[in-house]
Amino acid sequence: MNEVAVEPLAENSSQVIGLDGYSILLCNSAGKHYAIANQCSHQDSPLEKGRIRNGYISCPLHGVRFSLETGEPMGVQLTRVPVKTYEVIEDQSSVRIKIE
Ligand code: FES
């Protein structure tokens with residue numbers, strides 16, 4: 001198992017984190033941090049720069065919304081494949097992402 005610690009993000013913002021060869025998108029939605037693979041399950045486009053609202057991120061390419069909690073796609077059914085999510089542990093000064 002590997003993990004990385006980073007600074008907390010501002011609400012509705014995101015940051016790409018490289019860890020163990022994976023590109024992970026750390027997001028803050030409604031004050032809670034989530035980590036999701038930075039690759040859409042529709043056509044593999046990066047999810048970075050996607051709009052983050054209410055626990056979801058929208059893929060910038062075709063707009064599929066994914067739950068930041070589960071990675072499940074919602075709404076427009078261009079894909080039914082979830083995006084991988086990662087465990088996040090946060091405290092007041094840092095956010096840790098775990099990869100198993
Ligand atoms: S590549 Fe993300 S919705 Fe099509």
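Modeller: Arg 96 is partly exposed, with a relative accessible area of 29%. The model is a predicted one, and every value here is computed from it. Arg 96 makes a salt bridge with Glu 3, and the closest N and O atoms of the two are 3.0 Å apart. Arg 96 belongs to strand E10 (residues 95-99) and Glu 3 to strand E1 (residues 2-6), so this pair ties together parts of the chain that are 93 residues apart in sequence. Glu 3 is also partly exposed, at a relative accessible area of 35%. To be called buried, a residue would have to be under 20%, and to be called exposed, over 50%; the 29% of Arg 96 lies between those limits, and so does the 35% of Glu 3.

The count of salt bridges is 2. Besides the pair already described, Glu 69 forms a salt bridge with Lys 32, where the closest N and O atoms are 3.4 Å apart. This pair, too, links distant parts of the chain: Glu 69 is in the loop between strand E7 (65-67) and strand E8 (73-74), while Lys 32 is in strand E4 (residues 32-37), and the two are 37 residues apart. Glu 69 is partly exposed, with a relative accessible area of 48%. Lys 32 is partly exposed as well, at 37%.

Lys 32 leads on to the strands, since its strand, E4, is joined to E3 by 6 bridges, and E3 and E4 run antiparallel. Within this pairing, Tyr 34 in E4 is the bridge partner of Cys 27. E3 and E4 form a hairpin with 2 residues between them, and Ala 30 in the turn has a positive phi of about 55 degrees.

E3 also pairs with strand E2 (residues 14-19): 6 bridges join them, and they run antiparallel. Here Ile 17 stands opposite Ile 24 in E3. E2 and E3 form a hairpin, again with 2 residues between the strands, and Asp 20 in that turn has a positive phi of about 55 degrees.

How enclosed is strand E3 (residues 22-29) by the rest of the structure? Of its 8 residues, 6 are buried, so strand E3 is largely enclosed. To put the strands in order, E3 is joined to E2 by 6 bridges and to E4 by 6 bridges, and E4 holds Lys 32, the partner of Glu 69 in a salt bridge.

Notes
Residues numbered from 1 in each chain as written. Predicted model: local features only at pLDDT ≥ 70, side-chain atom pairs only at ≥ 80, totals over all residues. Heavy atoms only, no water. Salt bridge = Lys/Arg side-chain N within 4 Å of Asp/Glu carboxyl O. Helix = DSSP H or I, 4+ residues; strand = E, 2+ residues; numbered from the N terminus. Buried < 20%, exposed > 50% of the residue type's maximum accessible area, 1.4 Å probe, protein only. Pairing = 2+ DSSP bridges.
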